[in-house]
Amino acid sequence: MSLRVTHVVRSVVAEPGTVSVVLPGLIARLNEFDVSSRLADGPEDADVVHIHGWGYDASLAAAREAIRAGRPFVLSPLGGVCEAVNRRKFVERLRFAFRDRRLVRAARVVLGVNPHEARALQESGAASDVRVMGYGIESAVYAGCVSGIERRVVFLGWLHPLGGLGEVLRATAEVGPVAEGWTVDVAGRDDGDWRPKLEAAVRRKGGEHRVRFVAANDEASQAALLHGA
């Protein structure tokens, strides 16, 4: 009998910048070890619950339900725990200390997406057992680059000042002549009407010929963008 794992995610839709884009590779790997998986945006019955991301309602509910049912759960906070620990507002740090910390420490293991996050989790003391588990992609989906001389950078992250796009655009501008001939395709999800503001900022800087805002709301569109890059 295979082990059943429920993967709790903020959204089961594979939008740009979401963990749902890279989960198929993890699920395929787990299948090799006779571990069956299912995606859910809330707590579900399973042998093990794997919570991806932290701080959204479904993640908290899944942790509470797992504790109540005596079911082991694994947490990949994707930066969410470190962000909560380092909140600027005192009331938010207090909320984490008295609510979230208990839930996080109840996880069987907390997984950093890379050594940097794992080290930050260990230093924060928020988790008792921290290990590293990076996410990968099914490379075959994105193989077969197109020929040509067009040079592009594709940004599939969150369209928010904290999502890293500002740093990408500033870096592109600051490298100067080296970036001539390059374009940046911005295709991340927009949860807060940031795209109009970002487009206006790009126009003010005279960068509209180098920065394109494009839609990529499904895996096929994302794969097409990466093929072109």
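Predicted model: local features only at pLDDT ≥ 70, side-chain atom pairs only at ≥ 80, totals over all residues.
Buried residues of α2 are A58, S59, L60, A62, A63 and A66. An α-helix has 3.6 residues a turn, so residues three or four places apart point the same way. Just after α2, G70 has a positive phi of about 65°.

The largest nonpolar core contains 23 residues, and I51, W54 and L75 have the most contacts inside it.

| Element | Residues |
|---|---|
| β3 | 48–52 |
| β4 | 73–76 |
| α3 | 80–85 |
| α4 | 90–105 |
| α5 | 115–124 |

Of these elements, α2 gives the most to the core, with five residues. Leaving aside neighbours within four places in sequence, L75 is in contact with I51, G53, W54, V81, V104, A107, V109, V110 and L111. In soluble globular proteins, nonpolar side chains tend to be buried together.

**The three-stranded sheet**

Which order do the strands of the open sheet of three strands follow? The order is β7-β8-β9, and the pairing is parallel. Strands β7 (151–155) and β9 (211–213) are the edges, each pairing on one side only. On average, neighbouring strands of this sheet are turned by 25° against each other, direction ignored.

Strand β8 (residues 182–186) runs parallel to β7, and five bridges join the two. Within β8, D185 stands opposite V154. Helix α6, made of residues 165–174, lies across β7, β8 and β9 and runs at about 170° to β8.

**The loop at S128**

Between α5 (115–124) and β6 (130–132) there is a loop, and S128 is located in it. Is S128 buried or exposed? A residue counts as exposed when its relative accessible area is over 50%; S128 has 54% relative accessibility and is therefore exposed. The C-alpha atoms of S128 and A106 are 8.7 Å apart in space, although the two residues are 22 residues apart in sequence.

Notes
Residues numbered from 1 in each chain as written. Heavy atoms only, no water. Buried < 20%, exposed > 50% of the residue type's maximum accessible area, 1.4 Å probe, protein only. Helix = DSSP H or I, 4+ residues; strand = E, 2+ residues; numbered from the N terminus. Pairing = 2+ DSSP bridges. Axes fitted to C-alpha atoms, helices over the stretch in contact; angles between N-to-C directions. Contact = heavy atoms within 4.5 Å. Core = buried A, V, L, I, M, F, W, Y, C linked by side-chain atoms within 4.5 Å.
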